[in-house]
Amino acid sequence: MSASGETSSIFSETAQTKNEADERGRTISKGVRSLTAQNIGTSILALVFVSALVRYLPGSQYGVYSAISIVVSIAAAFATFGLQDAATRFVSIPGAQRSQAASAVRKIIFLSVISSAVVSLFVVAFSQSISLFFTKSTSFVPDFELGAVWLFSNSIALIFQGVVQGLKKYSLLAKILFVSRAVMVALTIAGLTEHANLFISIYSWIVYGALVTAWAFKVANKELRDATSSDRAARQVLVTQGFGYTSIFRYTFPLGLAGILIVATQNSDLAVVGGYLNPFSLGVYNSVITISSFLSFVLLTPLITAIFPEASSSSTNSLQISNGLRLAFRFIFLGVLPASFFVAATSPQLLLVLSGQPSYLAGSISLELIAAFYSLLVVQTVVYSVLQAIGRTFHVLLITLTATVAEICGSIMLVPDFGLFGAALARVLGALFGAVVSIYLARGLLVKRENQGFYWKAAFSALFPFSIILYLSNFVSHATVTLVPYSLIWGALLLFCIRTFKLLNNEDRVLLSHILPGGLKKLLSYI
């Protein structure tokens, strides 16, 4: 049997039949590649968006935008409270009928509208206090109030995004997110060229949420509209089979708590920077986080988006889950680690490209630290997603609680004395503690483990190009134009190491063929 037949799905080591394996592989491959391409495009658009804000907004208004973004991110965790994950899981549960899925989706949407409205009103009610905390002024209260509308729009969009993901419409989901983000960025740039005002960016985010919601609603309605449970007996069947409000609450409650903790982990250092330092410093640090998040969009999100529904469908097959985790860890060493090291080595260039202002180089050391240890966060997120998909919600909560406590405590202790570097160090500590707990909890899932020699060779293959590029950036030049030659040098050295050590096996090639856009798949024949 061919490699594609053997590992056509990242959760399948062997296939029941070759035709089934090939068909499943083609579906996942097309969807994940679309998500990869979409996430690359979305990441570029995100960098263009932030770059436009930094260049067009006067004074420290980008720092104020960053503060509003933090508030929206944290409040959205309360507004959705795990409902987006419930939408994905209840739609993708094996054996679930469309009528059952439709019933669950309607309940989840109803709950999300109520919770999003309540949390948005809460933000409006406390907008003055929030403005004082971040900006030390009440002049930006109207901006934070408008941010509440952004919050509501974003929260509802997340729920519908979860529905489309649960339907495994990966390519369509990629299209929805990319087109909506492109419209948002275009509106932002057009608006800022005419009116350099903070309101423009917030209005654009509201439009983005509305577009995602409307488009995803159309998709979900088309897929589920034939499903109905109009009589009492049918509704009772849905409840007894696990699609009632009780089942939804039972599933979402621990995930909602975990989601709040995750968002707290992601934003605690930003919030402490905003509280202790000034809006300009917050803007610089948010630029650092924006660049580091590029790694998440390009490398992590496509993998996780595919893993969650597939793991939900394979939740009773320990061998498939073990194989999926093993391949994910190999991908971390082969893809995430080298890419994050490259971002660390070229942090000054990336900050200059994003901001166009030498003053933003104050965040270069922070970016270098966060990127260098970014793989810890990826390990945590991969294990978290698999545990979440197979229903081990207590373990999910334990991982996020550990990471959150570590980062919040670290931020409070380190930011006042060490500024942006202390915030970055606190973020790394949170990722480290979360990764350690994740690996400990995942030990029982890894039925088949990888040879240790692979990890040592892969680590060297990432470290060798990193050391060369870091030396060139520090002692030769860190001008923005050096990004092109440094990228070529880094890529050549990385491919040379992978080929020399023969790090790729057939499973890796299949997994990469699922993730890489078509134009880059020719590299697989070389390495």
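A residue is called buried when its relative accessible area is under 20%, exposed when it is over 50%, and partly exposed in between, with a 1.4 Å probe and protein chains only. The structure examined here is a predicted model, in which local features need pLDDT of at least 70 and side-chain atom pairs count only at pLDDT 80 or more, while totals for chains, interfaces and linings use all residues. Residues are numbered from 1 along each chain as its sequence is written, and side-chain values use heavy atoms, with hydrogens and water left out.

The overall fold comes first. The chain holds 21 helices and zero strands, where helices (H or I, at least four residues) and strands (E, at least two) are DSSP runs numbered from the N terminus. Of the 527 residues in the chain, 57% are buried. Contact means heavy atoms within 4.5 Å; among the contacts in the chain with a separation of 6 or more, 83% are made by residues 24 or more positions apart.

Rings of Phe, Tyr and Trp (its six-membered ring) pair if their centres lie within 6.5 Å; planes under 30 degrees apart count as stacked, over 60 as edge-to-face and the rest as tilted. A search of the whole structure finds 19 such aromatic pairs. In one of them, the planes of Phe280 and Tyr360 stand at 80° with ring centres 5.6 Å apart, so this pair is edge-to-face. Phe280 belongs to helix α12 (residues 279–313), whereas Tyr360 lies in the loop between α14 (347–355) and α15 (364–372), so that the pair links distant parts of the chain, 80 residues apart. Phe280 is partly exposed because its relative accessibility is 33%, while Tyr360, at 4%, counts as buried.

A second pair shows another geometry. Phe460 and Phe464 have ring centres 6.0 Å apart and planes at 10°, and are therefore stacked. Both lie in helix α18 (residues 452–475), four residues apart, which is about one turn of the helix. Phe460 has 43% relative accessibility and counts as partly exposed; Phe464, at 30%, is partly exposed too.

One aromatic cluster is formed by Phe49, Tyr62, Tyr65, Trp150, Trp205 and Tyr208. Over the face of Tyr208 lies Arg181, 5.3 Å from the ring centre. Elsewhere, the charged end of Arg443 sits over the ring of Tyr440, 3.9 Å from its centre. For such a placement, NZ of Lys or CZ of Arg must be within 6 Å of the ring centre and within 35 degrees of the ring normal.

What does Tyr486 touch beyond its neighbours within four places in sequence? This residue of helix α19 (residues 483–501) is buried at 5% relative accessibility, and is in contact with Phe342, Gln349, Ile469, Leu472, Ser473, Val476 and Ser477. Between Tyr486 and Phe342 there are 144 residues of sequence separation, yet their C-alpha atoms are 9.1 Å apart.

The largest share of the nonpolar patch, four residues, comes from α8. Leu187 is in helix α8.
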